[in-house]
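Visitor: I'd like a quick tour of this one. Could you show me the model, and then I'll ask as we go?

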Amino acid sequence: METITNKIENILYKSELTRSDLKYMLLLTEPADRKQLFERAYQIKEELIGKKVYYRGLIEFSNICSKDCLYCGIRRSNKNNDLYEITDDEVIEAVKYAMDARFGSVVIQAGERSNKKHTRHITSLIRRIKEISNGNAGITLSLGEQDELTYREWFEAGAHRYLLRIEVSNPELYVKLHPNNKMHDFQQRLRCLQMIKDIGYQVGTGVMIGLPFQTIDDLVDDLMFMKDFDVDMVGMGPYIEHPDTPLYQYRKTLLPRKGRFNLALNMIATLRILMKDINIASTTALQAIDPLGREKGLKAGANIIMPNITPCRYRKDYQLYEDKPCVNENPDDCKDCLEKRIGFAGDIVAYDEWGDSRHFERRMLRK
Ligand code: SAH
Ligand code: SF4
């Protein structure tokens with residue numbers, strides 16, 4: 001008769017995982033079982049991509065957003081934030097800081113805006129970042145849905161990775177989490193991901209975990225979506241409610257935060273076992289629930305950390321969710337606190353490297 005331990009081991013070492021295997025892994029709650037899951041994920045990371053953790057300096061460029069996602073604290077209808085856009089000089093300062101700290105890459109993230117002036121502005125910033133870093137800074141963008149020409153213009157200016165979370169892969173659930181209009185269209189988000197891929201970016205996507213109305217089967221679908229779309233990078237973390245958003249009314253229906261956190265770690269580990277050579281970020285939302293959240297993410301198989309290098313005075317206005325960490329700290333504090341704890345997972349910080357997704361390199365070879 002198959003014992004429980006045997007069953008887990010059999011799944012963890014299988015070459016083809018089925019939906020029910022994925023579900024089984026996501027539902028593990030016993031500490032000993034989860035330990036096994038995380039150890040297997042960590043072992044795969046170590047074997048295929050090494051113990052290196054890559055830093056991406058995150059610049060929260062602007063909280064101006066034309067969209068109204070029902071979960072997000074900087075949605076257009078929330079008037080409780082002071083709107084900002086970081087000046088070019090401040091962006092350059094932040095990039096210099098990242099380069100001095102020997103982070104190989106930066107991420108420019110912001111609310112979504114689509115107009116010519118904004119597009120050109122971002123293009124010129126990408127060029128300047130490339131110039132001042134002598135081409136050394138890797139640039140990732142996370143600026144939402146755009147048209148093909150815009151994605152292409154930014155790629156040609158020097159950005160080489162793009163993060164666009166699908167948020168949830170179930171179209172029916174997507175509708176419940178977004179206003180029902182053309183601006184919030186699941187199919188369009190999918191088309192954008194495809195454009196990003198076709199242009200030649202390293203493609204990053206991701207989901208929120210523990211959303212209202214979301215089921216375990218939805219999360220299994222999310223993992224299958226990432227696999228089928230053959231993404232290069234994933235950033236996913238727990239959904240955290242924000243009082244100034246419509247979804248806040250469903251907070252009593254949610255898993256407790258700790259449960260969402262645990263589920264997020266199970267998702268990371270399961271994804272590592274499913275897609276062995278991709279880059280997986282250990283996201284700030286993990287840290288919002290547990291002070292050692294990101295380090296635990298590394299233990300569960302993640303290999304990317306995104307230290308926030310946004311100038312301090314803007315951070316209070318980029319609250320995507322409640323309790324976002326490091327809002328009152330300056331960038332140095334953040335770097336120091338991170339440095340101290342990074343050894344926790346037994347990982348090694350890779351300095352001055354872009355840390356491109358191995359999966360992307362292999363995908364290009366297959367082309
Ligand atoms: N506007 C861009 C990028 C900024 S938002 C975009 O939407 O793609 C970056 C991510 O923050 C989103 O993709 C979403 O997954 C996450 N996010 C927003 N609100 C959140 C919340 N309440 N809890 C957890 N993550 C959230
Ligand atoms: Fe805007 Fe992104 Fe927030 Fe949606 S998730 S409201 S697009 S910043």
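**Contacts, ligands and loops**

Guide: A polar contact of 2.7 Å links the side chain of Asp-277 to that of His-359. A polar contact is a pair of N or O atoms within 3.5 Å; within protein, one must be able to donate a hydrogen and the other to accept it, and residues adjacent in sequence count only if both atoms are side-chain atoms. This is a predicted model: local features need pLDDT of at least 70, side-chain atom pairs count only at pLDDT 80 or more, and totals for chains, interfaces and linings use all residues. Residues are numbered from 1 along each chain as its sequence is written, chains are lettered from A and ligands numbered from 1 in the order in which they are written, and side-chain values use heavy atoms, with hydrogens and water left out.

Visitor: What else does the side chain of Asp-277 make a polar contact with?

Guide: The side chain of Arg-362, at 2.8 Å.

Visitor: Where is Asp-277 placed?

Guide: In the loop between H10 and strand S8 (279–282). Helices (H or I, at least four residues) and strands (E, at least two) are DSSP runs, numbered from the N terminus.

Visitor: Is Asp-277 buried or exposed?

Guide: Asp-277 is buried, because its relative accessible area is 10%. The cut-offs are under 20% for buried, over 50% for exposed, and partly exposed in between (1.4 Å probe, protein chains only).

Visitor: Ligands now. Which residues are closest to ligand 1?

Guide: Tyr-71, Ala-110, Arg-165, Glu-167 and Ile-240, out of 18 residues that surround ligand 1. Near here means that a heavy atom of the residue lies within 4 Å.

Visitor: Which polar side-chain atoms lie by an oxygen atom of ligand 1?

Guide: One belongs to Arg-165, 2.8 Å from a ligand 1 oxygen. In the side chain of Glu-167, an N or O atom is 2.6 Å from an oxygen of ligand 1. Arg-189 also places a polar side-chain atom 3.1 Å from a ligand 1 oxygen. Taken alone, ligand 1 exposes 530 Å², and the protein buries 93% of that. Those areas come from the Shrake-Rupley method with a 1.4 Å probe; for residues, only the protein chains shown count as cover.

Visitor: What is the class make-up of the shell around ligand 1?

Guide: 10 nonpolar, four polar and four charged residues. Ala, Val, Leu, Ile, Met, Phe, Trp, Tyr, Cys and Pro count as nonpolar, Asp, Glu, Lys and Arg as charged, and the others, Gly among them, as polar.

Visitor: And which residues surround ligand 2?

Guide: Cys-65, Lys-67, Cys-69, Tyr-71, Cys-72, Ile-74, Arg-75 and Gly-111. By class, that shell has five nonpolar, one polar and two charged residues.

Visitor: Back to helices. Where is Glu-90?

Guide: Glu-90 is in helix H4 (residues 88–100). Glu-90 counts as buried, because its relative accessibility is 17%. Its side chain makes a polar contact of 2.5 Å with the side chain of Tyr-314.
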